Amino acid sequence: MPATTNIRLRQVRHALDAAGAGALLETHLPNIYYLCGFSGDSGALLVDSASATLFTDGRFTVQAKEETRGIRVHIHTGPLLEAVGAHLRARRRQRVAVSPAHLSLGGWKVLRKAAGANLKWVAIDGLVESLRAVKDAAEIDRMRDAAGLGSTVMEEVIRMVRPGVTELDIAAEIGYRMRRKGASGESFEAIVAAGPRSALPHARPTARRIGKNELVVLDLGAILRRYCSDLTRTVHVGKASARVRQWYYAVLEAQAAARHALKPGVTCGAIDAAARNVLDRKGLGRYFVHSTGHGIGLEIHEDPRIARDQKRLLDAGNVVTVEPGVYVEGVGGIRIEDDALVTPRGAEILTTAPREFLEL
């Protein structure tokens, strides 16, 4: 069994002991990959004190054997959760942990019926996610590479921003260039939002053509060897007004304050406050309508959450985004986002695209 898998399963077993459970039934595919290396799109993993069993169907027989070591592979027929429940039926009175956040109501009903009435269920959300929040050296290497790839694509596509080009044109180039550089896909649908639409934090790209004298927000992320990156830059087409320049440098200062505050032992709420306080002092606080950041890794949104009043303490090995912004309805928006690794000495910024204000 690979050493990493061994370590992660041992951590799960310690967490189960602390929770008073004898086994974990994991159904969230990123968690299954994290624990045993299986990357198929149908499966469940049962971890107990002595073994780990992967349930999947015949489409993945060869893949499961190639991707896992030291894991029992159970190839089932029929519905997945019925097969898992039937396997668990013999475990009378065992306490099995499940994550309600990753089970639909229908799936839960199927599982309970198949497992029978004598099993004890323990609801635990976030058990594996809390382990995933602290990245090991191999994960950090992958995330550095993903951040570097995303940064290179950002620098390339910014040069394409000009009047007459559509948001969809830029978004298509982002996806194409990522894959040409080795990414398996995008962490999310790229955001390309111009003019008043840049005031929509999660705008989807449209056929709207970029005009003169307007802001353009570009938010993109690459998946490389299964790990995500996420970065945003804002540019201005034409000469910006003094007001827009003031907004930009206020956001840049807010981001710098949050980046400098990133240290182990600091609360996530304190990082958010560092950015928010700058924008409040500049009279822009009411235009900052989302949290300052979030964890990233196998998924684009992970623990920890960098948001107002969050009491969770940062750990060395967390990788988070730092992304304050201002959004003025009818005018436009500005967001600057980077990926940061929390180290014992502070923050290492993984994304490398320049942050200076560009007037194109």
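**Strands, helices and their packing in the predicted model**

Strand β8 spans residues 191–194, and all four positions listed here are buried: Ile191 and Ala193 point one way, Val192 and Ala194 the other. In a regular strand, side chains alternate between the two faces of the sheet. The model is a predicted one. β8 pairs with strand β9, residues 214–220. The pairing is antiparallel and runs over four bridges. Within it, Val192 stands opposite Leu218 of β9.

An open sheet is built from six strands in the order β4-β3-β2-β1-β5-β6. Its pairing is mixed. β4 (72–76) and β6 form the edges, each pairing on one side only. On average, neighbouring strands of this sheet are turned by 25° against each other, direction ignored. Strand β3, residues 52–57, pairs with β4 in the parallel sense. Five bridges make up this pairing. Thr56 has Ile75 of β4 as its bridge partner.

Helix α2, residues 29–36, lies across β1, β2 and β3. α2 runs at about 50° to β2.

Helix α5 covers residues 105–115, and its buried residues are Gly107, Leu111, Ala114 and Ala115. Viewed down the axis of α5, these buried residues fall within an arc of 95°, so they line one face of the helix. An α-helix has 3.6 residues a turn, so residues three or four places apart point the same way. The face of α5 turned away from the buried side carries the exposed residues Leu105, Lys109 and Lys113. The cover over the buried residues of α5 includes β1 (23–26), α4 (80–88) and β6 (120–123). Just after α5, Gly116 takes a positive phi of about 85°.

The packing of α4 against α5 can be described in more detail. The two helices meet at an angle of about 30°. Their axes are 7 Å apart. α4 passes α5 in a right-handed crossing. On the α4 side, the contact is made by Leu81, Glu82, Val84, Gly85, Ala86 and Leu88. On the α5 side, Gly107, Val110, Leu111, Ala114 and Ala115 take part. By class, the contact has eight nonpolar, two polar and one charged residues.

A hairpin of six residues joins β13 to β14. Gly293 has Ile306 of β14 as its bridge partner. Gly295 is also found in β13. Gly295 counts as buried because its relative accessibility is 0%.

The surroundings of Gly295 include residues from more than one part of the sequence. Leaving out residues up to four places away in sequence, Gly295 touches Ile300, His301, Glu302, Asp303, Pro304, Val319 and Val320. Val320 is 25 residues from Gly295 in sequence. In space, the two are 4.1 Å apart, C-alpha to C-alpha.

Technical notes
Residues are numbered from 1 along each chain as its sequence is written. This is a predicted model: local features need pLDDT of at least 70, side-chain atom pairs count only at pLDDT 80 or more; totals for chains, interfaces and linings use all residues. Side-chain values use heavy atoms; hydrogens and water are left out. Buried means under 20% relative accessible area, exposed over 50%, partly exposed in between (1.4 Å probe, protein chains only). Two strands pair if DSSP finds at least two bridges between them. The arc is that of the directions from the helix axis to the C-beta atoms. Contact means heavy atoms within 4.5 Å. Axes are lines fitted to C-alpha atoms, for helices over the stretch in contact, and angles run from 0 to 180 degrees between N-to-C directions. A crossing is left-handed if the near helix is turned anticlockwise from the far one by less than a right angle, and right-handed if clockwise. Ala, Val, Leu, Ile, Met, Phe, Trp, Tyr, Cys and Pro count as nonpolar, Asp, Glu, Lys and Arg as charged, and the others, Gly among them, as polar.
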